[in-house]
Structure formats: structure tokens, C-alpha cells
Amino acid sequence: MPAPSAPQSFYTVTGEIALARQEPRVAALQYASAAAHETDPAILQRATEVTAETLQPSLMAGVASRWLHLNPRSLDAQRAAARAALALYKVDEAAAHYRIVLLNSPAGVDAEFADVETDLGSDENVFGAHQLADRLASYFPTSPSALRVQGLAALRADDPAAAVHSLTSALAFDAKNAEAQSGHKELAQTLLRARILAGDVEEPLSAALTQLKADDSALNRFNYVALLMTAQRLPEATEQLEILARNPESMAVALRLLGLLEFQQGHFDASSAKFRQLLKTGKFGDDAFYYLALIADRNGDAERALRFYSQVQKGENVLPALLRAATLLHTHGAASAADELLDRLVEDEPQRAPEILTARARMYVQSSELPKAFAVLEKGAMEYPDSMELHYATASVYEEQGRVSAAVRELSLVVKARPNDPAALNALGFTLADHAKELPRARKLIERAHAAAPKNAAILDSLGWVLFRQGRATEALPYLSSAYSYDHDGDIAAHLGEVLWQMGRQDEAQRIWSEASALDSDNHLLKSTRHRLTAAN
């Protein structure tokens, strides 16, 4: 006789137990099993929540499919299916589900787009969100909310020209609709920023300055500062922030931005002074402690860095601070304390688990504990099989160990699963180019990524590098220069400097390397490239 099937309550109860025991994959599988034979909408709703919370979009998609089979009219099921499809980079499926939700929402299309905007804004899949927003805007071409979502998604995905087009149209509709004026000023400021990023610099700055002269408010001055920073007019931005720092009401925000500007330029003493001033205001303390920790870290003062990292209590910098603290502990002989901290982080931040596991593997790689690194990544892949972050980390570790074919194989699987993802295309294309393998294929992959995200610094760097590998240094230079103007990353500086060096512009190469070294002194590629070329000379 066949074994009797377990009651549905068994799966839900064991699923909740698994959640309590920090076993995300088990919890998701148990709820997916419950949903496979369930008809109760409440259980199906809970199953989609659990599979979403545990970062299991494939299982979530299966639960949502079951729910829709039972009740095709359920908008909650359609939303769940849409979110799962987006996480899996299945843009066509996500668009179809969102379209049904938007057309049938009791609140109306424009009101429902507010929730869609939240979904697209919170998803780390910025390129998929951009493609999805384009699709939704094509369905609702006269909706200012659809155009707003499209514009914001384009801006996040490094396509400012597309953002300008969409945001301009959205604001034109707002001008005709008195009820849509509430967010007009904020959107207009975003449009000015997009225009600057797209290359139209002077007119937006002039418009903001004119507005500031007409109304010398702190808000208008901060808006002007934001545009100056976008345009990389850092001395002018600093001048405006110094004015704001003299006003007690705007002092804290101004000091925070001044500290960030000095830090980004490698002026660490000046940055430290600003953040210490910021601490005295009693505001943005977590930001101040984080950057003071980074400065101490870069100065080689591990004890002070750890003390400052430990004082970051909330906000977006908590996780980066604790991850770096764990690495410092591990490096300085406190491996058990580092492991304990990372274990606790996974418990406290379960939705950031892939990021934490990636950092843990990287920590082990840096200390030449490769078996531990691969064990972490293998376990992570079993727990979070849909995580792209873990796939990229695994490929990176393979590559660093000289196992280039294994890295290419890993990245090829990602591209196969997400053939229109610019991040995946770029990762595979760059890896091939960096090792001078299949250069025509590498270039095609990177060019496809560049077409989707024309202002993305990493993709511009890859395009310049593959052209250089093909012996086209003159063509490569503008792409690498643009990449470096957007991001003074050490790897980009190494590539740009090497091209300049090979073109006989050694002084410029040395300047770029020195500038980048001030910000990223531990960058291995930057140091090795500089040593290799200068030693040969």
C-alpha cells in the first residue's frame, strides 16, 4: 500500500519551525509542498510570503501558479506571480501579470502604479526592472505614473537619456492634471539630474541657480548642490555646502555631504574632521562612525576601525560595517570571533544572506583558506539556488585561482538563465576579454550590455578593455575615460592607465594611478599593473 500523505498542517507547522531555526530553504520547501495541494487562500498567501522572505523566487513562482490555477481572478496571486517572475528575470511573464493587476485594480491604474514603483525600486535587479517598466509604459502610454516609473527605472539602470524622455512626458501630463502636482517638484529635480547624466549639463545647472537666486532657501541650495555633485563640479558643490554648514538648521546635512565629498576625493584628514564635527551635532551618527571607521581602516589602524565599526547601529551602513569588522577580526587572529559575528549576521539579516555568504567566502579567499571559501559558496548555492550574487562570487573565486574555464562555465550558466541581463552579459564578456579568450564573442556580449545600460561604468570599462585586447587602443580610450569619470574604481583606473601607458602617455597614466591609489590603496590589480608597466620601463 502507498504511504499515506502527510496532513497539510504538517507542512505549515514544520515550515514555521524551519523559519524559527534559521533554515530558509527548508521552510520554503515545506510551504511549497503545502501549497501544492492546498485550496485555502490564506495558506497560499502565507506560502508566497514565506518563499519571498526566504529568497526562493522559483518556489514562489510555483506557489503563485497554483494559486492562480485555483483563482485566476485573485490580484494578490497575480502580484505574487509578477514579483517572482521579475526576481527570475522573466520580464515577459512579470509584465503580463502586472498588466492584469493594473487593469483590474479597484484603486485604478495610477494608484496601483505606486505599488509597482515600490516593487521595481526595491528589487536589486535594476536592469530587469528597467525592461519591465518599459513594457508597462507601452501598455499605458498616457499614464503619468507609468511614465514616472519608467523614467526612474531607466535612471537606476544607467540609461539617463531614456529617463529624460520618460520623465519629461510624465511632467507634461502632470502639468495638465492639477491632482498630480504633489510630486511635481521632486520629479522635476530628478529630471534635471537625468539631463546632466545624459550630457546636458549647463542648462539644468543654470535653472537651479536661477531658482536659488529667486528663493535663497536651504532646500533650493541643497537641490543646486545635488546637481553640482552629479555634474562632478565638486569645488562649487563644496562652496555651497560650506554656506549651508553655517546655518544651524542645515548644518548636519551639509557636514554629512562635505564629509562624503572629501572622502570620495581621497582627502581623508579633511573628511575625518567633517565627520567628527557631525558627531557633535547628534545627527547622522551612524554615517559618521562608518566613514571614520573606513578612514582608520585605510590608515591601517585596525583597533580604531573596529571600535568605530561597532558603533554603527542602524541604517544602510550597518551590514557593510559588520562585514568589514568580521574581516578585520579574521585577519588579526580572531577567526572564531569573526565566524561568530557572521553567523549572527545571517540570523539577524536573513534577506541579506547571499551578500553575507559572499563576504564570508571572500574573507576566506583573502586568507588562502580556499576549501572553506568553496564550502561556503556551495552551501549558499544549495540554500539560495536562484541567487545571482552567489553565482558571480563562485565565478570570481574560480577565476582568481586560475580556473578560468570553470569561471566561464559558471557565468555561461547565468547568461543561459538570463539571456537579456546586461550584468550577466557583461560579467561573461569581461571574463573572456580579460583572459584574451574568444574576443569577438566577448565584444558582442559586452556591446549588448552597453546598448541596454549606456552609462554604466563597469560595462563601459569592459567595452574599453575588450577593444584594447583587440588592439584598438584609440577606440578603447573614450570608453575607459568615461568609465573612470563615473567611478574612480581601482580596476577601472588600472585599465585606463594601461591604455594611456601603451599610447605613450605615461604621465597621464601615473596621475590616474596615483589618484586612484589614494582612494583604493589595497587594489591588487591597480598595484600589479602599475608595477608591471613601470618596472618594464
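**Helix packing and cores: group meeting talk**

Okay, let's start with a helix pair: helix 15 passes helix 17 in a left-handed crossing, meaning the near helix is turned anticlockwise from the far one by less than a right angle. Helices here are DSSP runs of H or I, at least four residues, numbered from the N terminus.

Quick housekeeping: this is a predicted model, so local features need pLDDT of at least 70 and side-chain atom pairs count only at pLDDT 80 or more, while totals for chains, interfaces and linings use all residues. Residues are numbered from 1 along each chain as its sequence is written, and side-chain values use heavy atoms, with hydrogens and water left out.

Back to our pair. Helix 15, residues 251-264, packs against helix 17 at about 20°, with the axes 11 Å apart; axes are lines fitted to C-alpha atoms over the stretch in contact, and angles run from 0 to 180 degrees between N-to-C directions. That makes the two helices roughly parallel, the label for angles under 35 degrees. Who meets whom? From helix 15 we have Arg256, Leu260 and Phe263, and from helix 17 Asp287, Tyr291, Leu294, Ile295 and Arg298, where contact means heavy atoms within 4.5 Å.

Now the second pair. Helix 8 (residues 126-139) and helix 9 (residues 144-156) pack at about 155°, axes 8 Å apart. So helix 8 is roughly antiparallel to helix 9, the label for angles over 145 degrees. Their crossing is left-handed too. On the helix 8 side, the contact includes Ala129, Ala133 and Ala137, and on the helix 9 side Ala146, Ala153 and Ala154 are among the residues. Here the division is 8 nonpolar, 2 polar and 2 charged.

On to the cores: sets of buried Ala, Val, Leu, Ile, Met, Phe, Trp, Tyr and Cys residues joined through side-chain atoms within 4.5 Å, buried being under 20% relative accessible area with a 1.4 Å probe, protein chains only. The largest has 140 residues, and Phe113, Leu120, Leu132, Leu241, Tyr309 and Leu345 touch the most other members. Helix 17, residues 285-298, gives the largest share, 9 residues. A second, separate core of 19 residues includes Ala27, Ala28, Ala32 and Leu59.

Last one: is Gln240 buried or exposed? Buried, because its relative accessibility is 12%. Gln240 sits in helix 14, residues 234-245, and beyond neighbours within four places in sequence, its contacts are Leu212, Arg221, Tyr224, Val225 and Leu228.

Technical notes. Buried < 20%, exposed > 50% of the residue type's maximum accessible area, 1.4 Å probe, protein only. Parallel < 35°, antiparallel > 145°, perpendicular 65-115°, else oblique. Nonpolar A, V, L, I, M, F, W, Y, C, P; charged D, E, K, R; others polar.
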